[in-house]
Amino acid sequence: MTKSSNIKTRKTLDIIQPYSPGKPIWEVQKELGLDRVIKMASNENPLGPSPKAVKAIQESLADLNRYPDADASVLRQAIADQYGVAKQQVITTNGADELITLISEAFLEQGDEIIVPSPSFSEYDFGAHIMGAVVKQVPFDEGFQYNVDKLLEAITEKTKIIYICSPNNPTGTYIARKEMARLLAELNDILVVFDGAYSQFADEEDYTDGLEFVAEGQPVIALQTFSKIYGIAGVRIGYGISSEEIIKSILKVKEPFNVNTLAQIAASAAITDTEHVTASFNANRKGRDFLYLNFEKLGLPYTETTANFILVQIGANGEEVYQQLMAKGIIVRYGKTWGLPEHIRVTIGTDEENEFFIDTLTEILNPLK
């Protein structure tokens with residue numbers, strides 16, 4: 001036994017599970033010896049990054065000897081202008097994941113409780129566990145629909161945060177505006193974290209991205225990201241919008257240079273790239289409808305989505321189908337990690353990717369056709 005094995009970790013680490021991302025393309029190519037691999041697992045933008053962001057990065061490479069702007073002043077002002085809020089209401093972070101952790105560090109203490117829908121994004125649990133807080137999971141209703149009454153019933157005197165992921169990852173379902181308003185009407189000293197990472201893909205009339213409730217002065221912080229519709233996941237940039245008071249509290253636990261220079265520059269350009277956003281939205285809607293149609297032809301139940309991915313029920317052989325898709329060069333997410341072993345989550349891709357996925361899935365499910 002080495003001396004290092006005597007070093008004791010915090011007890012909370014016993015229940016923390018590291019985040020498990022989808023496999024990268026290069027790893028699958030190397031493992032399986034494949035030339036062609038498409039990734040439909042991580043909800044990335046299949047059209048690529050915002051061209052304006054790429055151009056801005058290329059023009060800024062000569063200044064990388066300088067530290068980033070610790071205040072991210074230009075980017076925060078660009079976000080504030082986009083949403084019609086004050087710059088002091090905006091915080092930028094190294095992806096929305098970091099912001100979730102910072103919120104936990106700013107507002108949670110040992111023994112506090114958070115409420116999360118289930119299944120949902122695992123980083124909410126991670127942030128709470130780091131602080132020694134308790135996670136109370138509230139299952140969705142049938143069809144993965146939010147039930148506000150169940151959320152309210154889960155509240156105790158120890159509840160500090162309620163997470164609302166809408167559109168929800170991995171289900172693609174959302175909370176309606178009137179239901180969000182009903183939830184907030186019953187709350188007083190509880191922070192609501194509204195994760196709208198996929199909000200730009202939502203096209204339902206009663207959808208809200210949470211910002212209207214921030215404007216009302218409700219205890220809400222709205223999370224957003226540049227990773228999805230803007231297509232710059234590789235530089236890691238997320239942000240939150242809330243009251244100035246809530247943002248000030250989070251800034252106290254933020255590292256000074258948490259958002260790198262290229263991320264700030266890329267995001268400042270991407271947020272003005274309406275052409276790329278529109279093209280991404282339209283491509284996603286077209287691909288969604290194509291996948292819906294073909295899932296119906298295959299007799300596969302699916303959950304209607306407001307995001308850029310679809311949760312589809314394969315059946316008892318879900319893991320086998322997932323593995324066979326991988327063997328044929330298609331990376332999707334297997335649902336077992338969310339307690340959904342009969343499901344896979346597939347990111348909506350380009351026309352070519354969607355067609356290749358459906359052709360391959362059909363071949364796996366109906367090998368004699």
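Predicted model: local features only at pLDDT ≥ 70, side-chain atom pairs only at ≥ 80, totals over all residues.
View 1. Of its 17 lining residues, Q145, T173, Y174, E304 and T306 are the closest to the centre. The lining splits into six nonpolar, seven polar and four charged residues. (Ala, Val, Leu, Ile, Met, Phe, Trp, Tyr, Cys and Pro count as nonpolar, Asp, Glu, Lys and Arg as charged, and the others, Gly among them, as polar.) A pocket here is an open set of points on a 1 Å grid over the protein atoms alone, with protein on both sides within 12 Å along at least five of seven lines; a cavity is a set where a 1.4 Å probe fits but cannot get out, and lining residues have an atom within 4 Å of a point. Points are joined across faces, edges and corners, and a volume is the space filled by probe spheres set on them.

**View 2. The largest cavity holds about 70 Å³ of space.** The structure has one cavity of 30 Å³ or more. Among the residues lining the largest cavity are E44, N45, F201, S280 and N308. By class, that lining has five nonpolar, five polar and one charged residues.

**View 3. H276 sits in helix α11.** (Helices, H or I of at least four residues, and strands, E of at least two, are DSSP runs numbered from the N terminus.) H276 is buried, at 8% relative accessible area; buried means under 20%, exposed over 50% and partly exposed in between, with a 1.4 Å probe and protein chains only. A polar atom of the H276 side chain lies 3.1 Å from the backbone oxygen of G48. Leaving aside residues up to four places away in sequence, H276 also touches P49, I229 and Y230, among others, a contact being heavy atoms within 4.5 Å.

**View 4. Q137 lies in strand β4, residues 134-139.** Q137 counts as partly exposed because its relative accessibility is 49%. Beyond residues up to four places away in sequence, Q137 touches V116, S118 and D125.

Terms used. Residues numbered from 1 in each chain as written. Heavy atoms only, no water. Polar contact = N/O pair within 3.5 Å; in protein donor to acceptor, adjacent residues only side chain to side chain.
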